[in-house]
Amino acid sequence: MSQNVTAANPAAMERVKFKKQSQAKEIWRRFRKNRGSMVGLIMLTIIVLALVFANLITSYDAATAQNLRIKLDPPSAEHWFGTDSYGRDLFARVLYGGRTSLSIAVLATLSSCVVGCALGAIAGYFGGKVDNIIMRGLDIFMSVPDILFTMAVVFALGASMVNLLIALTLAYFTNYVRLVRSQILSLSDLEYVEAARAGGAGSARIIMSHIFPNAMGVIIVNTTLNVAKIILYESTLSFLGLGMPPPQPEWGLILSEAREYMRSAPHMLLFPALAIVLTACSVNLIGDGLRDAMDPHLKS
Amino acid sequence: MNENNILEIKDLSVIYKTDLETVKAVNGINIAIKKKSTFGLVGETGAGKTTTARSIIRLLPSVGHVTSGTIEFEDRNLLELPEAEMRLFRGDKIAMVFQDPMTSLNPVMSVGDQIAETIKIHNPELDKAEVGRRVEATLAMVGILPSRKVEYPHQFSGGMKQRVIIAMALACEPQLLIADEPTTALDVTIQAQVLMMIKDLRDRLGTSMLMITHDLGIVAKICDDVGIMYAGEIVEAGTVQDIFEGKNHHPYTEGLFGSIPNLKSKAKRLNAIPGLMPDPTDLPEGCVFAERCKYAMELCHKVHPSVATSGTHQLCCHLFNADGSRKEKNHE
């Protein structure tokens, strides 16, 4: 019997080629089936492309150059979204504002993800005292309302892009700590982690190559959904005057400037609001689709 | 340490300690595994077989503590090695095959990468191509097409997965392989295949082996020495001949053999040993098997028996004299 087992014909071995069916391909195949998410993906792609190539569509000057003679003009062929109270082209402002808004949202999401994942991994893997210190520290963070907390940070450090990033990171990293910690607690008892340990793998290797890749699905989904939340939150901060300092365009800031002219020039409110809603909505749709595509229980 | 032995376990005791109770999982066992031989550790669920194996490789759960004993390997006490040094032993000199192939492989890593990981940990000087060659050679060794190294565990059947796991364990050609019920989760035909493959590779690579099982058939097929474990103790040990052909046996061993179905006898039911294993949080004062033993005497419930030795055969029972001969039946 041992002959059959070990000495298969090597020529026959070569003839059969096996296809690498990667996890990513599988996920993409399932993601594609979800119509809502595909709409979200297309929408977001268009928005991101428009923002990236904004300088090909209209110049940055149009977003900041004031022309009081044409202030509060409704949408026209020349000014697609109309003009604001200083006569600035609203289309250009929304476009360049989106650059700021979206890049802050993405950067803040990434930094909160990195900080949160690292802390969560440490707390979950080492447990005991380390876990206790991190989690109790987290409890303190979470007991202060987000808005109060970010306001305090921005007030203390001053309003700028970097400080806004710090404030948003501090407000959002807590989710990840809890999420990653719980994932690690449930994954590190699994037999393949034991098997890796029995093979001589150390803690760092086990976390990086066995636990994180398996927790990745949950983390990616959470991150995507967080982008939408942070876009909205950041707009709120700008609306309250705690975001980017004017005159640099930013979606929340444009909205707050439009507040006074809500009745006389509703277009000023409509377009930036629409941009925020569409972006947040498409990111959410993608997040939902990713969650379904990555959930092993829903595999069909 | 005897130089014919690869591993010597002396007086090993392990407890699992929680706030609520202390479980005495292993109680003062002695095992010696000879070089290039296979030691079979047999016993029912909960007897402490896996705990013994995990103590060797130092991967007890966090509530597990070794309370006494030494485990000697290459003239060093494994229990006293610092963790960093122990890590160099794991996978390289001592490897372990786990019971369930379905959960022992990482689902998001290709099998080739998983085998490569162990090789890379213990041979950091090898370049990528050489690691790749070794992975392919290891896969071919366990009868899997080397081209399948790019595939993921879900593309393999149970028996194939167990082969991959065995390949992982043997990738660095360890001196000692601990196999913790490697075929329990497989169906019977695949069991035989995998078992023969393990036997084949063991002979080819000259690996010593600790085979943990509850299947006496497996023991007869591949083991040289056997230890019968019950409630954290080794109640009988010896060579395969001692256990399978010898005349004197521990009542528990008799019970184990009695519960194997026999095609010739006309019994309608299988012979089972009545009763359950004693509660490991509250072990009896005397012999651990006394409660279920049909020969039990008053003495058995009060005094723990000492080991009777005759040649290679060891028994831990009041029915036998210190030289291994059966006592006169004076209790009747």
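Predicted model: local features only at pLDDT ≥ 70, side-chain atom pairs only at ≥ 80, totals over all residues.
Which helix of chain A holds Ala228(A)? Ala228(A) lies in helix α12 of chain A.

Is Ala228(A) buried or exposed? There are 21 C-beta neighbours inside 10 Å of Ala228(A), so the residue counts as buried. The cut-off for that class is 20 or more. Set aside the neighbours within four places in sequence, and Ala228(A) is in contact with Ala280(A), Val283(A) and Asn284(A). Ser85(A) is another matter. Ala228(A) and Ser85(A) are 143 residues apart along the chain. Their C-alpha atoms are separated by 29 Å.

Two packed helices are described by the angle between their axes and the distance between the axes. Helix α12 of chain A covers residues 203-239, and helix α14 of chain A covers residues 267-294. Their axes come within 8 Å. They cross at roughly 170°. Angles over 145 degrees count as roughly antiparallel, and α12(A) and α14(A) are therefore roughly antiparallel to each other. The crossing of α12(A) past α14(A) is left-handed.

Which residues make this contact? From α12(A) come Gly217(A), Ile220(A), Val221(A), Thr224(A), Leu225(A), Val227(A), Ala228(A), Ile231(A), Leu232(A) and Ser235(A). From α14(A) come Ile276(A), Thr279(A), Ala280(A), Val283(A), Asn284(A), Ile286(A), Gly287(A), Leu290(A), Arg291(A) and Met294(A). Sorted by class, the residues of the contact of α12(A) with α14(A) are 13 nonpolar, six polar and one charged. Ala280(A), Val283(A) and Asn284(A), the partners of Ala228(A), are among the α14(A) residues in this contact.

The crossing of α7(A) and α10(A) is right-handed. The contact of α7(A) with α10(A) holds 22 nonpolar, eight polar and two charged residues.

Next comes the loop between α10, residues 161-187, and α11 of chain A, where Leu190(A) is found. Leu190(A) has 17 other C-beta atoms within 10 Å, so this residue is partly exposed. Leu190(A) and Ile211(A) are 21 residues apart in sequence. From C-alpha to C-alpha they are 9.7 Å apart in space.

Now take chain A as a whole. How many helices and strands does chain A have? Chain A has 14 helices and zero strands. Its radius of gyration is 25 Å, well over the 19 Å that the globule rule gives for 300 residues, so chain A is more spread out than a compact globule. The C-alpha trace of chain A spans about 95 × 50 × 30 Å along its principal axes. Of the 300 residues in chain A, 37% are buried. Take the contacts in chain A between residues at least 6 apart in sequence: 68% join residues at least 24 apart.

Chain B has 10 helices and 12 strands. For 332 residues, a compact globule would have a radius of gyration near 20 Å, and the 21 Å of chain B agrees with this. Along its principal axes, the C-alpha trace of chain B spans about 75 × 50 × 40 Å. Of the 332 residues in chain B, 46% are buried. Among contacts in chain B between residues at least 6 apart in sequence, 63% join residues at least 24 apart.

Asp11(B) is not a glycine, yet its phi is positive, about 50°. Asp11(B) lies in strand β1, residues 5-17, of chain B. It counts as exposed because 11 C-beta neighbours lie inside 10 Å. Asp75(B) also has a positive phi, near 60°, and is a residue other than glycine. Asp75(B) lies in the loop between β4, residues 64-73, and β5, residues 76-77, of chain B. With 8 C-beta neighbours inside 10 Å, Asp75(B) counts as exposed.

Last, the two chains together. The contact takes 27 residues from chain A and 36 residues from chain B. On the side of chain A that touches chain B, α1 (2-6), α11 (191-198) and α12 each supply at least two residues. The largest share, six residues, comes from α11(A). By class, this side of chain A has 12 nonpolar, 10 polar and five charged residues.

Note on methods:
Residues numbered from 1 in each chain as written. Chains lettered and ligands numbered in written order. Axes fitted to C-alpha atoms, helices over the stretch in contact; angles between N-to-C directions. Helix = DSSP H or I, 4+ residues; strand = E, 2+ residues; numbered from the N terminus. Parallel < 35°, antiparallel > 145°, perpendicular 65-115°, else oblique. Left-handed = near helix turned anticlockwise from the far one by under 90°. Contact = placed C-beta atoms within 7 Å. Nonpolar A, V, L, I, M, F, W, Y, C, P; charged D, E, K, R; others polar. Rg over C-alpha atoms; globule rule 2.2 N^0.38 Å. Buried ≥ 20, exposed ≤ 12 C-beta atoms within 10 Å, placed from the backbone.
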